[in-house]
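Here's a quick tour of a protein model for you to follow along with. Keep the sequence and the 3D view open as you read.

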Amino acid sequence: PRLCVLSETERECSGQVSVHWQANLSVSACLFQEGQPQPLKCWQQMAAGDHILDARTNRSVRFYLATIDGKVLVDGWFEVLQQQTTRRKRRNPWSFY
């Protein structure tokens, strides 16, 4: 999934995030989660890759695939939205004068 919608009572999303990438040429690259210095997974001279990770977060997270020298090849977001219910004031559609 690329999107998680939290109800008013839920505090965080949890589940599996599946990442799949494919390139025209073989490349050495690593998958990163923004804000984390260590890669989640690395591939050496591959033209495609897959990775499944267990996610638990209360905010949107950016994942990106970068080469060994730090060039970002592609990125994507796992979005977290908080469902908010709004209470409308009930009003009678008519009035007495």
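What follows is a short briefing, grouped by topic.

This is a predicted model, where local features need pLDDT of at least 70, side-chain atom pairs count only at pLDDT 80 or more, and totals for chains, interfaces and linings use all residues. Residues are numbered from 1 along each chain as its sequence is written, and side-chain values use heavy atoms, with hydrogens and water left out.

**The overall layout**

- The protein chain has five strands and zero helices; both are DSSP runs numbered from the N terminus, with helices being H or I of at least four residues and strands being E of at least two.
- Reading from the N terminus, you get β-β-β-β-β.
- Of the 97 residues in the protein chain, 29% are buried. Buried means under 20% relative accessible area, exposed means over 50%, and partly exposed is in between, using a 1.4 Å probe and protein chains only.

**Strand β1 and its partner**

- β1 pairs with β5 in the parallel sense, over four bridges; two strands count as paired if DSSP finds at least two bridges between them.
- Looking across to β5, you'll find Leu81 opposite Val5.

**The disulfide**

- A disulfide is a covalent bond between the sulfur atoms of two cysteines.
- Cys30 sits in β2 (residues 13-33) and Cys42 in β3 (residues 41-57), so the bond ties together parts that are 12 residues apart in sequence.
- The torsion about the S-S bond of Cys30 and Cys42 is about 105°, so this disulfide is right-handed.
- Cys30 is buried at 6% relative accessible area, whereas Cys42 is partly exposed at 36%.

**The nonpolar core**

- The largest nonpolar core has 17 residues, and among those touching the most other members are Cys13, Leu53 and Phe78. Such a core is a set of buried Ala, Val, Leu, Ile, Met, Phe, Trp, Tyr and Cys residues joined through side-chain atoms within 4.5 Å.
- Each of β1, β2, β3, β4 and β5 supplies at least two residues of this core, and β2 gives the largest share, with seven.

**The largest pocket**

- About 360 Å³ of space lies in the largest pocket. On a 1 Å grid over the protein atoms alone, a pocket is an open set of points with protein on both sides within 12 Å along at least five of seven lines, and lining residues have an atom within 4 Å of a point.
- Its lining has 16 residues, and those nearest the centre are Arg2, Ser18, Val19, His20 and Gly76.
- β2 gives the most to this lining, with six residues.

**Two spots to check**

- Gly35 lies in the loop between β2 and β3 and is exposed, at 70% relative accessible area.
- The C-alpha atoms of Gly35 and Phe63 are 9.6 Å apart, though these residues are 28 residues apart along the chain.
- Gln45, in strand β3, has a positive phi of about 45° although it is not a glycine.
- Gln45 counts as exposed, at 53% relative accessibility.

Terms used:
Disulfide = S-S within 2.5 Å. 1 Å grid on protein atoms, 1.4 Å probe; cavity = no way out; pocket = protein on both sides within 12 Å on 5 of 7 lines; lining within 4 Å. Points joined across faces, edges and corners; volume = space filled by probe spheres on them.
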